Amino acid sequence: MRAVRVIAPAGRRSGWNGDAVLASAMVLPAVVALAMFQFLPLVTAVLNSLQSFGPFDRSSTGWVGLDNYRELFADPAFRYALLNTFLYIVLMLGFTIPLALLLAVLLDRRLPGSTFARNAIIGALAASEAVTALIWNQMYEPSSGLFNAILDAVSLPTQPFLTSGGQALVSIVVMSVWKDVGLPMLIFLAGLQSIPRELPEAAELDGADARQIFWYVTLPALRPSLVVALFMMTITATRMFTPILIMTQGGPQGATTNLALFSYLQGFEFQSPGTASASVVCMLVVLALVTAAQSFLLRGREAD
Amino acid sequence: MVALANSDLMSLRRAERRAYVVRHAGGIVTVALVGFIFGFPILWAALSSLKSTNDIVTGTFPLSWSSFVPLRPTLENYVYLFTQLKFQNNLMNTAIAAAGQVSIAVVASSLAGYAFARLRFPGSDMVFALLLLTAFIPVEAIIVPLYQVMQQLGLVSTYPALFLPFACNPFGVFLMRQAFRDIPVEMDEAARIDGAGPFRIFISIALPNVKPTIATLVLIQFIWSWNAYLWPLVVMQDPNKQIAQVAIANLKSIPNFPMDGPLFAAATAVTIPLVILSICLQRYYVRGLVSSGMK
């Protein structure tokens, strides 16, 4: 009886026996670690966001309901950070998803040099955020950097890049697109390689041109990959932090600060756990809302 | 005679190849350009690490050969890095953190992954769903309360603080669970008939069958740990135990003392081996990246 149940794991008849005890013992280290280092901080963040804290020892001075949230939304710096968070998400998705799709289609043709290009993209993806931010920071340098040297050499006006409120955020996004586009591209490549070759061939026999094949055969077949790529890039864009901290520290005048950086600054620089936690909760709400909206929009059109 | 036929064949092939290149010229040029754009910044940093700090600061603008290539190549940055800044200590700390993270991740993820894939216990579905839920929580979001947790545990500025919180992650459990699920149930069955208990089956049947997945897990965890910046920056306040990434970034912010040369040298020393590793093992690396988001 016991053997039969274990051999067919689908036939679930749960209860505490030798196997169940062994199984829970095997799961225990992972569960304890995740409970302590993921769920506990998460719950702490939610609870801290509802309390006020003493200015010096950072100990709780009592429950204050939604006061921290009211204080945050009254703070123009927070509203700016909230807006920037959405701006990062929109720009990152808007650039990476179409570019990743183009690159995947290009590399899927297996032209000479594809391996070189693919390796370069994987290299950018594997390098650390800190190091790539430092390298790009050097290239963006307004007075001695490489980009302005190139602009100057072709007689174009030099640009302030990271030192200007108008260009800093876009400059960070450009660097992040360069670094992260490989991830959705690899997802699309895997998706392209799982499309049976007969599908585009049949379409070609029916007289479809390359563009039609792409829009009506390839793209619909990539829908599952698109869902995954969108989801992963949304998380990537929402949590953008290291490049901002290294390249601009959130400046100039908060122009590049998002919620992740705002919470960090509130928590560690301004020693204000209450508002830091409240903005963390806001960031998680943004993440949940954006991914929920995406899955709603994409599911709405799904035929199967 | 045979040689003649061969050379005929070769010239035919060459003509074919030329026709192919001409037909796809646009695509090939685009591919080459893509490779250049993505490869350039890291190669430029590696080349710049062979310039003196003065050459980096003054030699890039206006554009000339010295913007790209070290015209007076020197190893002084590396010498300074390893004799004055003792960067090898930071590398050692990174290695310690990576070793801790990788070994804990492999053990904890294999155990939990196997239990979720093959064994049943009350509430296993709910526990698995809760585990997966943590994949949605970015590090950046819990950094402040996580620091408080580490403070309460008395672990701030210790080595375990560097790797303990992230060694066990839902990605590893999920990856291992999928791998164990793909092993045919008949293999378990055969071992069970031979009298092996479930843990014995896990050790001697299941684990040897998922070696490629373990390689993927090791590589991904190693790269994550090697590249970690934010958490070590926050939790490690002892400069002697600080990891390489944070030490490199600190070189940027020394007032009135440009460290661009050593900075590029350190960035190169940390990044080039990692990039080569990821390219050589891209079969595992890509599989890990792609499957980390696949359901």
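Predicted model: local features only at pLDDT ≥ 70, side-chain atom pairs only at ≥ 80, totals over all residues.
Residues are numbered from 1 along each chain as its sequence is written, while chains are lettered from A and ligands numbered from 1 in the order in which they are written.

**Exercise 1.** Work out how helix α2 of chain A and helix α5 of chain B cross.

*Solution.* 
- Step 1: Find α2(A) at residues 18-48 and α5(B) at residues 87-118; helices are DSSP runs (H or I, at least four residues), numbered from the N terminus.
- Step 2: Their axes come within 8 Å and cross at roughly 130°; axes are lines fitted to C-alpha atoms over the stretch in contact, with angles from 0 to 180 degrees between N-to-C directions.
- Step 3: Therefore α2(A) is oblique to α5(B) (under 35 degrees is roughly parallel, over 145 roughly antiparallel, 65 to 115 roughly perpendicular, the rest oblique).

**Exercise 2.** Describe how domain 1 and domain 2 of chain B meet.

*Solution.* 
- Step 1: Domain 1 of chain B is 2-74 and domain 2 is 82-291, with bounds from an automatic or database domain assignment.
- Step 2: Ten residues of domain 1 and eleven residues of domain 2 take part in the contact (C-beta atoms, placed from the backbone, within 7 Å).
- Step 3: On the domain 1 side, α2 (25-48) and α3 (53-59) of chain B each give two or more residues.
- Step 4: α2(B) gives the most to that side, with four residues.

Technical notes:
Contact = placed C-beta atoms within 7 Å.
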